[in-house]
Amino acid sequence: MAMAQLRAESDFEQLPDDVAMSANIADIEEKSGFSSHFVFVIEVKTKGGAKYLIYRRYRQFHALHAKLEERFGPLNKVNSFCCKLPALPAKVFVGAKQEIAESRIQPLNAYMKDLLSLPVWVLMDEDVRLFFYQSAYDSEQVPQALRRLRPHTRKLKSVSPQSASSDRLAAPRAEALFDFTGNSKLELNFKAGDVIFLLSRVNKDWLEGTIRGTTGIFPGSFVKILKDFPEEDDPTNWLRCYYYEDSLSTTIKDIAVEEDLSSTPLYKDLLELMRREFQRDDIALNYRDAEGHLIRLLSDEDVRLMVKRARGLPTQKRLFSWKMHITPRDDYRLYNTAP
């Protein structure tokens, strides 16, 4: 069903400019957690004409769809704003990870196209908007390659701030602290006191916004944020590791992994990660018990015990409560008793 059939023109006019209108997968990239995984590099186009990249895993699609089913699906007897949701490609448990990711590109593109063609109450849903927003994490990523041709997108009708409805006040916006005159046509000109509607984060120093019908980029240091982009958790957490080259020399290293702090890795994945990070195969994995003794890990059961015992320990933000102690495989001098 065409978008025009689903939305009245007045509904479309009232949408804020930062609402996603189209999204297409431009590439896939391999990322590392406890085990490697692939993310989809998605090019998003907004109603206001902004274009940016976001990085999403399949499990984020699955989590979003589950929330939408609960909120707008046919089984919801409370919400009167129900609609037929598009079908999400099913989970796949067998096959090479890259091949699975490649096979999902076309059905996920179809899913996003159908999702963004639903009525305005779905487009304005908080979880949908967060999914398609460019987070600080997204803006800091550098695409490895965009080897696929970017598909054509429909021309979007521009809406000036003066003609937008009061709903625009909910959009991210900033107030100019100083005059700014851009050095190129890509940069936005404004005067101190102007209110700029924010479209995306270009990087940590520059923003993209619109004012008086003109869109461009500008330095974030020239404005005061009145309403920021919705927060999205950075998926990166840190695993602290202590590497014992010998009984006297210890190196501390924090390894970035894109896994939840509550997750428990498999022993083989944890071992492979440590071998890759420390460039050695002849290593053993350990943790410290309550008495301070090193305990060697040998199985998934040992890993689960380590994680369970660490849950009561003090934690720091984005740092796993359990720590890894890496020793040479055949060196037992650091143990209280030999394993």
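A search of the whole structure, which is a predicted model, finds 2 cavities of 30 Å³ or more. A cavity is a set of points on a 1 Å grid over the protein atoms alone where a 1.4 Å probe fits but cannot get out. Local features need pLDDT of at least 70, side-chain atom pairs count only at pLDDT 80 or more, and totals for chains, interfaces and linings use all residues. Residues are numbered from 1 along each chain as its sequence is written, and side-chain values use heavy atoms, with hydrogens and water left out.

**Largest cavity**
- The volume of the largest cavity is about 70 Å³, taken as the space filled by probe spheres set on the points.
- Its lining residues (an atom within 4 Å of a point) include Asp-18, Tyr-52, Arg-129 and Phe-132.
- Helix 6 (residues 126-132) gives the largest share of this lining, 3 residues; helices are DSSP runs of H or I with at least four residues.
- The lining has 8 nonpolar, no polar and 2 charged residues, where Asp, Glu, Lys and Arg count as charged, and Ala, Val, Leu, Ile, Met, Phe, Trp, Tyr, Cys and Pro as nonpolar.

**Open sheet**
- An open sheet of 5 strands, with mixed pairing, has the order 10-9-13-11-12; strands are DSSP runs of E with at least two residues, and two strands pair if DSSP finds at least two bridges between them.
- Strand 10 and strand 12 (294-296) are the edge strands, each pairing on one side only.

**Pairing of strand 9**
- Strand 9 (residues 237-244) runs antiparallel to strand 10 (residues 250-257), joined by 8 bridges, and Asn-237 stands opposite Val-257.
- With strand 13 (residues 324-328), strand 9 pairs in the parallel sense over 3 bridges.
- In strand 13, Met-324 stands opposite Cys-241 and His-325 opposite Tyr-242.

Technical notes. On a 1 Å grid over the protein atoms alone, a cavity is a set of points where a 1.4 Å probe fits but cannot get out, and a pocket is an open set with protein on both sides within 12 Å along at least five of seven lines; lining residues have an atom within 4 Å of a point.
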